[in-house]
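Hi everyone, thanks for coming. I have one complex to walk you through today, so let me put it up on the screen.

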Amino acid sequence: MNDRTREIRPDDIIVFSTFRNENVRLPYFLDYYRKMGVGHFIMVDNDSDDGGREYLAGQGDVSLWTTTGSYKRARFGVDWLNWLQWQHGHKHWCLVVDPDELLVYPFCDTRPLRALTDWLDASSIKSFGAMLLDMYPKGRIDEAPYERGQDPIDLACWFDAGNYAISKNTKFGNLWIQGGPRARKFFPTEPDRAPALNKIPLVKWDRQYAYVSSTHMLLPRGLNLVYDEWGGEKASGVLLHTKFLDTFTVKAREELERKQHYANSHEYRAYAAGLVENPDLWCKWSEKYINWRQLEILGLMSKGNWA
Amino acid sequence: MSVGVVMLVHTALHRAEQVIRFWVAGGCPVVVHVDKTVPRKTYDAFVGNLSDLSDQVKFSARHRCEWGTWGIVAGTQAASELMLSTFPDVRHVYLASGSCMPLRPAKELRRYLDARPGTDFIESATTADVPWTVGGLSEERFTLRFPFSWKRHRKLFDRYVNFQRRFKLRRRIPDGIVPHMGSQWWCLTRRTLSAILQDPDRETYDRYFRKVWIPDESYFQTLTRLYSQHVESRSLTLSKFDFQGKPHIFYDDHLQLLRRSDCFVARKIWPHADRLFEAFLAPDARGAAGAEPNPGKIDRIFAKAVDRRTRGRPGLYMQSRFPNENWENGVTSAPYSVFQGFAELFENFEPWLARATGARVHGHLYAPDRVHFEGEQETFAGALSDSPALRDKNGRMFLTNLIWNTRGERQCFQFGPSDTQDISWDIAKDPSAHIVVISGAWAVSLFQSNANFADLRTEAARLQRIEAEHLRALRSPYAKAHIRIWTMAEFIENPMEALQSIVDLISNKGMRRLTEAPRMVDLNGFGQFLQNLKNQGMHPYLMGDFPVDPPAENATPPKRKPYLVK
């Protein structure tokens with residue numbers, strides 16, 4: 001444990017993250033969010049053995065917890081983070097992201113994250129949605145090796161622009177989004193099993209709040225209403241999901257052995273199978289990533305009334 | 001003669017200090033009103049930092065300025081009085097806030113006002129004429145009482161408003177004034193401002209406005225009308241409001257936009273917009289000398305933002321736009337055409353249609369075996385998959401996605417009773433759908449097939465039931481699509497005319513005669529086939545009346561000419 005939370009200033013934006021064996025990704029991850037203006041990182045290490053823990057211990061703006069407990073029993077990490085957010089997140093804007101998730105929001109190339117949170121504050125908005133957008137390389141996933149510190153988007157710069165299915169979850173009021181390359185390649189016959197892509201990672205945290213399942217939905221329900229129901233568009237962002245790099249095939253096999261993921265690791269089983277048969281996620285209709293404006297025009301995210 | 005700036009400050013004091021220094025350097029004295037809620041220590045430090053300018057910068061008595069309440073007016077009055085008494089040279093007083101940014105040199109503002117010595121710049125309109133009131137209170141601002149804070153005690157506020165409405169409690173507006181409203185940020189002449197502040201009836205007016213809702217948008221706006229010789233009803237401060245009535249904020253990336261607006265002052269500026277502060281507060285900053293303020297382009301950008309927030313992009317369904325039924329503002333984003341029965345009746349109908357119209361022509365997108373994209377591609381625009389399971393998971397979104405992904409290119413696809421029917425009602429209700437149906441044409445494929453007649457009979461009954469259901473949707477009063485339905489018998493009487501009208505509608509060119517007709521399948525014996533179904537107790541009716549043995553001259557020729565020579 002490496003607790004530096006006393007250094008958190010009252011108006012700091014805090015990143016919360018759990019990880020396991022992501023050492024190679026950590027430098028770029030920290031760098032990306034530091035540049036965005038994040039003030040502190042609260043990280044939970046789930047039993048890594050690749051040196052990531054030691055690396056983070058040397059970072060001045062990172063508070064680190066280590067656990068050897070079961071990821072599954074901790075409801076896929078939500079319990080750990082809910083507890084840490086309860087302790088340290090109160091009255092802060094909290095961003096919950098995995099090391100392979102890079103947040104993109106409107107004007108992120110010219111305005112720091114604080115500009116967004118200030119605007120959300122001024123608009124009395126407490127939660128900000130950003131759907132997961134799976135990024136992949138052209139060609140076999142294991143073809144181009146990822147190097148420490150490198151921008152993963154250099155390698156995995158393609159995405160699916162318009163094959164997402166959305167429905168409303170009446171119980172929690174959130175949207176349920178599925179689709180993208182994972183549904184297309186790994187779950188073409190069982191689309192219901194495809195992973196959920198809806199996420200609400202940025203929240204002005206309060207002790208009364210809690211994530212229910214990963215960052216897909218929150219309580220109280222009102223926080224899940226990050227979409228407009230009367231025809232308008234609310235502001236939203238995208239989490240570029242850079243999971244599909246050469247590190248992935250190893251990880252899929254490892255996670256399958258550990259059986260610590262959702263729905264009996266069905267997702268990982270499908271990956272392991274799919275990757276052997278046809279490891280190329282790219283198709284001729286894949287879109288190449290340029291910037292947030294492109295995502296906005298494609299309708300994957302929106303400026304809402306932020307101008 | 002000079003311009004004095006009255007500045008209301010409550011946060012980001014370091015930024016306010018920068019702006020104050022800018023005004024003083026430009027020869028404009030400043031009177032600052034600091035909100036009472038700012039802690040004493042912070043206030044003292046702020047005053048201390050500005051002590052080197054004590055000749056030109058004064059601090060007025062402090063009031064508590066809560067949004068929508070009298071405190072803001074009281075603060076403005078106090079600061080204005082101090083301004084008029086301390087700086088006798090001042091002819092115009094400019095009211096600004098700590099988050100107002102001067103966009104042009106102070107010298108230019110002075111010159112602009114010197115050229116208009118008797119003009120009061122204040123937005124001021126009667127309540128009946130303004131559309132911008134938020135929260136449903138316009139005229140009632142002046143006739144009800146508002147003792148409770150809107151921000152802190154919203155419930156009490158609303159309850160008290162409702163109570164007054166129910167019991168028809170009305171306040172009397174003091175004699176002689178007509179309520180006017182407008183932007184809080186004005187620039188008044190000494191003559192008008194002093195007349196307002198020294199009015200013998202000021203006590204009456206103040207007592208009245210103390211309980212008016214948002215008096216900072218009406219106090220000076222109303223009283224100016226009593227004294228001003230020349231009101232120019234516009235604010236010199238560029239300030240745009242969004243649909244909730246809160247001001248839009250300017251950031252570094254607005255630099256060029258603000259420069260070209262030629263406005264004198266803009267708000268609100270994000271306190272961390274370092275580039276804006278550097279650029280506009282630089283001592284050698286230049287503006288376009290003599291230019292009239294022209295906020296048109298900024299207006300358009302913010303109007304677009306409001307439109308996106310309130311109406312959104314038609315036909316788009318995404319994580320932050322998921323409209324309830326009938327609130328879509330367009331089910332799909334662009335016109336498209338659905339063909340039922342054509343591919344069955346004509347050989348190679350799809351390539352023919354593509355040639356004739358230039359549109360993108362798909363096969364049966366909703367076929368049970370797979371999605372038949374044009375050219376049997378495995379994926380299509382937006383990386384849509386040909387997996388029927390993925391499509392059927394949300395048949396409606398498959399369609400809206402397809403139309404959204406191909407904006408700018410018209411889509412046509414085949415549909416029929418052997419397809420998944422999930423979108424039947426969706427397309428019927430979609431005003432951008434163009435649906436043409438040759439009813440009963442599904443029987444042609446059965447007629448051509450080699451299956452057992454008992455199976456054909458069952459299948460015919462099933463398809464007819466499904467198509468009848470679909471036609472019911474198309475003929476219901478809820479249907480908003482552009483729909484044309486022929487029975488098969490009707491259609492083959494004059495197929496060219498029907499095809500011509502369809503092609504005209506899709507290609508939007510009009511009056512270009514078709515030079516090439518699709519070849520109709522051989523229908524010899526079709527009438528007998530239908531009769532056989534009837535004899536087996538199945539009643540095929542959707543195709544219209546087909547004689548069992550059509551007279552030779554009326555029958556569809558066995559070999560139709562593929563090209564029409566006109």
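I'll go through confidence, then each chain, then the contact between them, and finish with some backbone details.

First, some housekeeping. Residues are numbered from 1 along each chain as its sequence is written, and chains are lettered from A and ligands numbered from 1 in the order in which they are written. Please keep in mind that this is a predicted model, where local features need pLDDT of at least 70 and side-chain atom pairs count only at pLDDT 80 or more, while totals for chains, interfaces and linings use all residues.

So, confidence. The predictor assigns the complex an ipTM of 0.92 and a pTM of 0.88. For chain B the average pLDDT is 88, and 93% of the residues score at least 70; pLDDT, as a reminder, is the predictor's confidence in each residue, from 0 to 100. There is one stretch to flag: over residues 552-558 of chain B, pLDDT stays under 50, and the model has six contacts beyond four places in sequence for it. A contact here means that the C-beta atoms of two residues, placed from the backbone, lie within 7 Å. Where pLDDT is low, the predicted coordinates should not be read in detail.

Let's turn to chain A. It has eight helices and 15 strands, where helices (H or I, at least four residues) and strands (E, at least two) are DSSP runs numbered from the N terminus. Of the 307 residues in chain A, 51% are buried. By that I mean that 20 or more other C-beta atoms lie within 10 Å of the residue's own; exposed means 12 or fewer, partly exposed is in between, and the C-beta atoms are placed from the backbone. If you take the contacts in chain A between residues at least 6 apart in sequence, 70% of them join residues at least 24 apart.

Here is one residue in chain A to look at: Glu54(A), which sits in helix α2, residues 52-57. Is Glu54(A) buried or exposed? Glu54(A) has 11 other C-beta atoms within 10 Å, so it is exposed.

Now chain B, with 22 helices and 21 strands. Its radius of gyration is 36 Å, well over the 24 Å that the globule rule gives for 566 residues, so chain B is more spread out than a compact globule. That radius is taken over C-alpha atoms, and the globule rule is 2.2 Å times the number of residues to the power 0.38. The C-alpha atoms of chain B fill a box of roughly 110 × 60 × 45 Å along the principal axes. Buried residues account for 43% of the 566 residues in chain B.

Let me zoom in on helix α11 of chain B, residues 274-281, where Leu276(B), Phe277(B) and Phe280(B) are buried. Looking down the axis of α11(B), the buried residues fall within an arc of 95 degrees, so they line one face of the helix; the arc is that of the directions from the helix axis to the C-beta atoms. What do they pack against? The buried residues of α11(B) pack against α1 (13-25), β5 (101-102) and α10 (255-261) of chain B.

On to where the chains meet. Chain A brings 50 residues to the contact and chain B brings 48 residues. On the chain A side, the elements giving two or more residues are α4 (113-122), β9 (164-168), β10 (175-179) and α5 (180-186). Of these, α4(A) gives the most, with five residues.

Last, the backbone. A cis peptide bond joins Leu219(A) and Pro220(A), with omega about -5 degrees, and Pro220(A) is in the loop between β13 (217-219) and β14 (237-241) of chain A. In chain B, a cis peptide bond joins Arg267(B) and Lys268(B), with omega about -5 degrees. Lys268(B) is in the loop between β12 (265-267) and α11 of chain B.

Thanks, and I'm happy to go back to any view.
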